[in-house]
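Trainee: I have a structure to read today. Please take me through its features one at a time.

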Amino acid sequence: MYRVQDEVSLLRASLEGETEAWGEIISRYKDAVFGLCLGFLRNRADAEDITHDAFVRAYVNLRRYHLDKRFSTWIFTIAANLCRNRLRYRKNHPVAEMPLHLSGGMDPARSLELEERHDRVRAALGQLPYAYRAPLVLRFYNDLAYREISEILAIPEGTVKTRIHRGKAMLKDLMENDEERDQA
Amino acid sequence: MKRTDVDEILRDALREEVSGARACLDDLEERIVAELGERRPRLRTIDWIRQLVAPTRGARFGQFAVVGATAAAFLVVGLFASRLLDHPEQPAVGGGIRLETAQAARTGMQDVLFVVPAPLAATTVVVVGDFNDWEATALSDEDGDGIWTTTIPLSPGRYEYGFLIDGRWWGEDPRADEHVQSFGEYSSVRYIGRGGEGG
């Protein structure tokens with residue numbers, strides 16, 4: 001029903017209380033928001049919770065959103081703040097580390113080496129401090145520009161660039177160390 | 001390994017991870033839409049003022065009307081506050097809500113006084129409801145008589161709420177308009193404004 005409508009019309013309809021229009025907004029953004037949460041939190045159950053909360057909170061507070069701004073920046077900001085709160089909570093209420101299981105499975109044609117590299121980079125990402133992990137996820141999963149990342153994380157654009165640069169160097173070192181350990 | 005390799009590996013690894021875990025998103029929109037039900041986005045005070053002048057909107061007069069309505073609201077609140085200072089009223093004692101009807105009617109907002117008679121040994125009393133997103137708003141008992149109060153400005157509408165007295169749920173406010181059962185417990189419902197006591 002709402003498939004053909006543009007985003008602004010869907011948001012206007014949502015403001016009028018048409019929750020079906022909000023459902024269409026969720027369909028369009030749920031993968032991006034879930035990916036952000038999973039990347040930040042490194043825990044699937046928490047990522048699922050926060051994705052749900054982000055869309056409910058965004059709807060309830062939709063009047064705070066300005067239609068002339070990018071909706072993605074706004075919903076990502078809400079999700080990022082909720083993730084930060086959850087990480088703070090997890091410091092005092094840790095859960096047992098559960099490896100993220102991929103139900104889809106790998107394409108058999110892809111090399112085992114590539115699969116190992118993906119596992120290594122994901123493990124390395126989980127070891128990075130949040131300050132480096134968050135900009136990397138927004139840059140490489142959500143494909144955002146430095147300016148948008150700076151708005152979402154409320155840090156200067158220069159800091160975003162530095163953290164992405166350093167974060168990548170840290171990832172590379174962690175992956176290489178991991179590989180050396182396996183070969184030894 | 002080059003840094004540019006890290007870019008690509010990270011991008012692919014994160015996408016692969018999401019696609020492997022996204023089964024939980026399959027019916028997310030249906031679940032949230034069902035949960036939201038008839039709920040509408042929360043109105044801000046400025047929106048209430050805009051609604052008041054909506055018939056005149058579209059012309060420059062509308063802008064003057066917004067300013068005028070805001071000024072009038074401040075005047076009414078100011079007069080009300082000065083009267084309160086001259087004749088301070090004590091909150092009603094007993095369970096339930098009493099509406100402060102002298103609140104600036106132009107904004108549509110009304111100050112709702114929540115009153116809970118709690119055991120004298122109680123140390124914390126909070127109210128939670130859909131008006132505060134089910135997050136706690138504390139009540140206080142400054143004179144230690146066991147009557148805990150707080151005032152929350154609410155716009156007209158239907159509100160579901162309950163109290164937590166030292167963490168224990170109390171949802172059957174005797175002065176509520178109705179009681180509903182949700183999540184296995186009773187909550188109180190109050191109608192503010194049109195059709196309700198506060199109208």
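Trainee: Which residues in H8(A) are buried?

Mentor: Buried means that 20 or more other C-beta atoms, placed from the backbone, lie within 10 Å of a residue's own; exposed means 12 or fewer, and partly exposed is in between. In H8(A), the buried residues are Val160(A), Arg163(A), Gly167(A), Lys168(A), Met170(A), Leu171(A) and Met175(A). An α-helix has 3.6 residues a turn, so residues three or four places apart point the same way. Keep the ground rules in mind: this is a predicted model, where local features need pLDDT of at least 70, side-chain atom pairs count only at pLDDT 80 or more, and totals for chains, interfaces and linings use all residues. Residues are numbered from 1 along each chain as its sequence is written, with chains lettered from A and ligands numbered from 1 in the order in which they are written.

Trainee: What span should helix H8 of chain A have?

Mentor: Helices (H or I, at least four residues) and strands (E, at least two) are DSSP runs, numbered from the N terminus. The expected span is 1.5 Å times one less than the number of residues. For H8 (residues 157–183) of chain A, with 27 residues, that gives 39 Å, and the end C-alpha atoms are 39 Å apart, which agrees. Helix H3 (residues 44–60) of chain A has 17 residues and reaches 25 Å, close to the 24 Å expected. Buried residues in H3(A) include Ile50(A), Phe55(A) and Tyr59(A).

Trainee: How many residues does each chain give to the contact between chains A and B?

Mentor: Chain B gives 34 residues and chain A gives 41. On the chain B side, H1(B) supplies the largest share, 16 residues.

Trainee: How many helices and strands are in chain B?

Mentor: Chain B has four helices and nine strands. Of its 199 residues, 22% are buried.

Technical notes: Contact = placed C-beta atoms within 7 Å.
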